[in-house]
Amino acid sequence: LGFLAGVLGVLVFHQGMVGLLHLLGAVPNPPFQMRPVPPLGVPQIVSACFWGGVWGVAAAAIVAARPGWPPVLVGLAIGAVACVLVGFTLVAGVRGQPLMGAMDPARWWRSVLINGSFGLGVGLALWGARRAGRI
């Protein structure tokens, strides 16, 4: 369930925000990129959906372990904080990019908006799952 929430969070919320920011001229690439990414050469959107699913599993585990915590806030924290920090440290290091977004405020606010939107989507999906008695 968490994996599905993460994939849906990427497809609807993450890519929706990328599309909006692209229309506004704030990011150069449109959503749903099919460009192959290393190391497996899968399309970028497939890679994003996979990793979104992994983050969704983590969010679902937290929501299940902490029934008093609101799923939407858990999702927002996962997206806007955890995903951003991992992206600007571990992922940037592996890709040979500047750490911490080179402390560029534009990179930070775009990342927080895009990943925070993803987290909102995950949180809403998990909230619905909790209301339906699935979590």
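1. In which helix does H14 lie? H14 is part of helix 1, residues 2–23; helices here are DSSP runs of H or I with at least four residues, numbered from the N terminus. This is a predicted model, in which local features need pLDDT of at least 70 and side-chain atom pairs count only at pLDDT 80 or more, while totals for chains, interfaces and linings use all residues. Residues are numbered from 1 along each chain as its sequence is written, and side-chain values use heavy atoms, with hydrogens and water left out.

2. H14 has a relative accessible area of 16% and is therefore buried (buried is under 20%, exposed over 50%, partly exposed in between, with a 1.4 Å probe and protein chains only). Apart from neighbours within four places in sequence, H14 touches G9, I114, N115 and F118 (contact means heavy atoms within 4.5 Å).

3. Helix 2 (residues 44–65) packs against helix 3 (residues 71–95) at an angle of about 135 degrees, and their axes are 10 Å apart. Axes are lines fitted to C-alpha atoms, for helices over the stretch in contact, and angles run from 0 to 180 degrees between N-to-C directions. The two helices, helix 2 and helix 3, are therefore oblique to each other (under 35 degrees is roughly parallel, over 145 roughly antiparallel, 65 to 115 roughly perpendicular, and the rest oblique).

4. From helix 2, the residues W55, A59, I62 and V63 meet P71, V74, I78, A82, C83 and V86 of helix 3. By class, this contact of helix 2 with helix 3 has 10 nonpolar, no polar and no charged residues (nonpolar covers Ala, Val, Leu, Ile, Met, Phe, Trp, Tyr, Cys and Pro; charged covers Asp, Glu, Lys and Arg; the others, Gly among them, are polar).

5. Helix 3 and helix 4 (residues 105–131) cross at roughly 145 degrees, with axes that come within 6 Å. Their contact, helix 3 with helix 4, divides into 15 nonpolar, 7 polar and 2 charged residues.

6. There are 3 aromatic pairs in the structure (ring centres of Phe, Tyr and Trp, the last by its six-membered ring, within 6.5 Å; planes under 30 degrees apart are stacked, over 60 edge-to-face, the rest tilted). One of them, F50 with W51, is edge-to-face, at 5.0 Å centre to centre and 80 degrees between the planes. F3, F50 and W51 make up one aromatic cluster. F50 is partly exposed because its relative accessibility is 42%.

7. G133 sits in the segment after helix 4 and, at 59% relative accessibility, counts as exposed. G133 and F50 are 83 residues apart in sequence and 25 Å apart in space, C-alpha to C-alpha.
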